Amino acid sequence: MKNIPLLLGTILATLALVVGVAVIFSKKANAPIEMTRVVGDTTNATGSAQPVATIVEFSDFQCPACKAVQPLVKEIVDKNLDKVRFIYRHYPLPQHQNAQLAALAAETAASVGKFWQYHDVLFETQSDWEKLSNDDAAKKFAEYAQSMGIPSELMQQSLKTKTFEQRVLKDMSDAGALGVSSTPTFYLNGQKMQIDQLQAAVENLLK
Amino acid sequence: MAVTQGSNLASDNAAEPNTTATGKYKVTVLRDKCIGAASCVAIAPKVFALDSEQKAVIIGQDELDDVKLLAAQSCPTAAIVVTDIETGEQVWPK
C-alpha cells in the first residue's frame, strides 16, 4: 500500500515521457514536408542563393493588398540582397476573375526568364485589367508581353492552352495544405508572419 | 412514362453526379473531415463544390488526374482520398 503513490508516479512519468517523445518525433517527421510546402520548387525566387532569411509570399496579382505591400517587400529584399531570398508563390483567389489568368501569364513570362519584370508590370497595371473580361485581359497580357520582348503570340497561345496551369495549381495546392486562406500571406524561414512584423523579424535575423 | 424515367435519371444524377472517372484516379470526400476550406474547389471546380453545409462534394470526375491529385493534396485535413481505379490502391493520402 505504501508503494501505491510511487507506482502511480512512475506510471505517470512513463506516460509523460512516451507522449513527449511521440510529439517530438512527429514534429520532426512533419517538418521537412511543411518546409517543402512553404517554399515549393523556388522557381520564382530572387535575392540570395544562400540566404539567412527566406521570405515566401503567397500572392494574387489581382489583390489590391498584395499590390500595396510590394514596395515594402522590395525594400526589404533590395536592402539585403546578399542575405535575403524572396520567393513568390501563386494563390489567385477565385473571386478575382483575372487572377488565375494573370498567374498563367506570369508563368509564361517566367518560362523565358522574365518573371520578375512581368510581376512588376502586373501589379503596376492592376487597375487596367482587373475588371476586363477574361478575353480582353488575355489580350492585355499579350500586349505587356510584347512590350518586354516576349512574342505576343507566345503569350496568347500559352494562355489559351493553359500551358503553365499545373505550376499555378501546385502553388495553390501547397497554400491550401498550409491553411493559407487569404492574400498576401507571408512566411519567414517557414514561419507564418504578418506583414507588419516582417521587416523587424528580418532585421532581427540579420543582426 | 418516358418523362418520369427522365426525371428519375435527373434525380439520380443530382445525387451521384457523373462519377465515372475519365482518367486513372477517382476522388472521394471524407465528409466528417472536411472543414470547408474550399482549396479543392479553387483548384478543381469541375470536380468539387461546397454544399449548403459548406462541405465539399463531388460534382464530377472529368478532370486531369494531376489536377485531382493537386486538389486532394491541397486539403488541410486530408479529407480527399484519391484512388487508382484499376488497382484500387489509395494514392492520397499516403
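One definition before the strand pairs: two strands pair if DSSP finds at least two bridges between them. With that in place, A:Y187 has A:K192 in β5(A) as its bridge partner.

What you are looking at is a predicted model. For chain A the mean pLDDT is 89, and 84% of the residues score at least 70. The stretch to set aside is residues 20-30 of chain A, where pLDDT stays under 50. In the model that stretch has 0 contacts beyond four places in sequence.

Now back to the sheet in chain A. It is an open sheet of 5 strands, in the order β1-β3-β2-β4-β5, and the pairing is mixed. At the edges are β1, residues 45-47, and β5, residues 191-193, each pairing on one side only. From one strand to the next the twist averages 25°.

I will go through the β4 side of this sheet. β2(A) and β4(A) run antiparallel and are joined by 4 bridges. In that pairing, A:F58 stands opposite A:T185 in β4(A). On to the next pair: β4(A), residues 185-188, meets β5(A) in the antiparallel sense over 3 bridges. A:F186 has A:M193 in β5(A) as its bridge partner, and I have already given A:Y187 with A:K192.

Another residue to look at here is A:V39, in helix α1 of chain A, which covers residues 4-39. Buried, exposed or partly exposed: which is A:V39? A:V39 has 18 other C-beta atoms within 10 Å, so it counts as partly exposed; the cut-off for buried is 20 or more. Leaving aside neighbours within four places in sequence, A:V39 is in contact with A:T54, A:V56 and A:I87.

Next, helix α6 of chain A, residues 134-147. At 1.5 Å a residue, its 14 residues should span 20 Å, and the end C-alpha atoms are 20 Å apart, so the two agree.

Which residues of α6(A) are buried? They are A:A137, A:A138, A:F141, A:A142, A:Y144 and A:A145. Those residues cover an arc of only 160° around the axis, which means they sit on the same side of α6(A). The buried residues pack against α3 (99-111), α4 (115-124), α5 (126-129) and α7 (152-161) of chain A. On the face turned away from the buried side are the exposed residues A:D135, A:D136 and A:S147. Just after α6(A), A:G149 takes a positive phi of about 85°.

Last, chain B. Here 3 strands form an open sheet in the order β1-β4-β5, with antiparallel pairing. The edge strands are β1, residues 25-29, and β5, residues 90-92, and each pairs on one side only. Neighbouring strands of this sheet are turned by 35° against each other on average, direction ignored. β4(B), residues 80-84, pairs with β5(B) over 2 bridges in the antiparallel sense. B:T83 stands opposite B:Q90 in β5(B).

Notes:
Residues numbered from 1 in each chain as written. Chains lettered and ligands numbered in written order. Predicted model: local features only at pLDDT ≥ 70, side-chain atom pairs only at ≥ 80, totals over all residues. pLDDT = per-residue confidence, 0-100. Contact = placed C-beta atoms within 7 Å. Axes fitted to C-alpha atoms, helices over the stretch in contact; angles between N-to-C directions. Buried ≥ 20, exposed ≤ 12 C-beta atoms within 10 Å, placed from the backbone. Expected span 1.5 Å × (residues − 1). Arc of directions from axis to C-beta.
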